[in-house]
Amino acid sequence: MEVRQFYNYHFCYNISEDNLRNVCLDYAATLTYDVEYCNEISVDNKKYECIRDRAYTNQDKTLCFTIPDVKYKDECFKWLGKHDPQSCQHISTQTARDSCYFKYAVDYTKDDTYCNNIIDTPTRTSCKEYANK
């Protein structure tokens, strides 16, 4: 067990100034890998960024589904797509989904079979070319 898991960050809840409390909660979530601190952040975009970061750190795509904002949810799945191409399928726009599969195939695996998930034909063709280099 890591030392950081022994610390209790509940003192963050006693900070009256919103911005400082949110920074403290984000820091607590980062150090403990605990998304519950993220859920207490009062500014939505900061909360969603915190959840996205925990999803990536913990490699837990179920956390992405809890983000109500499409932009941050898609970003979350895109980040996880670096290690798990199945995460790409949950991205809401075709262009971003195709990009996720492209990056996985070309940048991370050099395996052109993942290019077959790309809908846009020119992007799929380009993916296969680069993945085989």
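## The cavity

A cavity here is a set of points, on a 1 Å grid over the protein atoms alone, where a 1.4 Å probe fits but cannot get out. Its volume is the space filled by probe spheres set on the points, with grid points joined across faces, edges and corners. This is a predicted model, in which local features need pLDDT of at least 70 and side-chain atom pairs count only at pLDDT 80 or more, while totals for chains, interfaces and linings use all residues. Residues are numbered from 1 along each chain as its sequence is written, and side-chain values use heavy atoms, with hydrogens and water left out.

The count gives one cavity of 30 Å³ or more, and the largest cavity holds about 50 Å³ of space. Its lining (residues with an atom within 4 Å of a point) is made up of Lys 78, Gly 81, Lys 82, Cys 100, Lys 103 and Tyr 108. Helix α5 gives the most to this lining, with three residues.

## Helices α5 and α6

Now to α5 and its partner. Helices are DSSP runs (H or I, at least four residues), numbered from the N terminus. The axes of α5 (residues 94–109) and α6 (residues 121–131) come within 8 Å and cross at roughly 15 degrees; axes are lines fitted to C-alpha atoms over the stretch in contact, with angles from 0 to 180 degrees between N-to-C directions. The two helices are therefore roughly parallel to each other (angles under 35 degrees).

On the α5 side, Phe 102, Ala 105 and Val 106 meet Thr 123, Ser 126, Cys 127, Tyr 130 and Ala 131 of α6, where contact means heavy atoms within 4.5 Å.

Terms used: Parallel < 35°, antiparallel > 145°, perpendicular 65-115°, else oblique. 1 Å grid on protein atoms, 1.4 Å probe; cavity = no way out; pocket = protein on both sides within 12 Å on 5 of 7 lines; lining within 4 Å.
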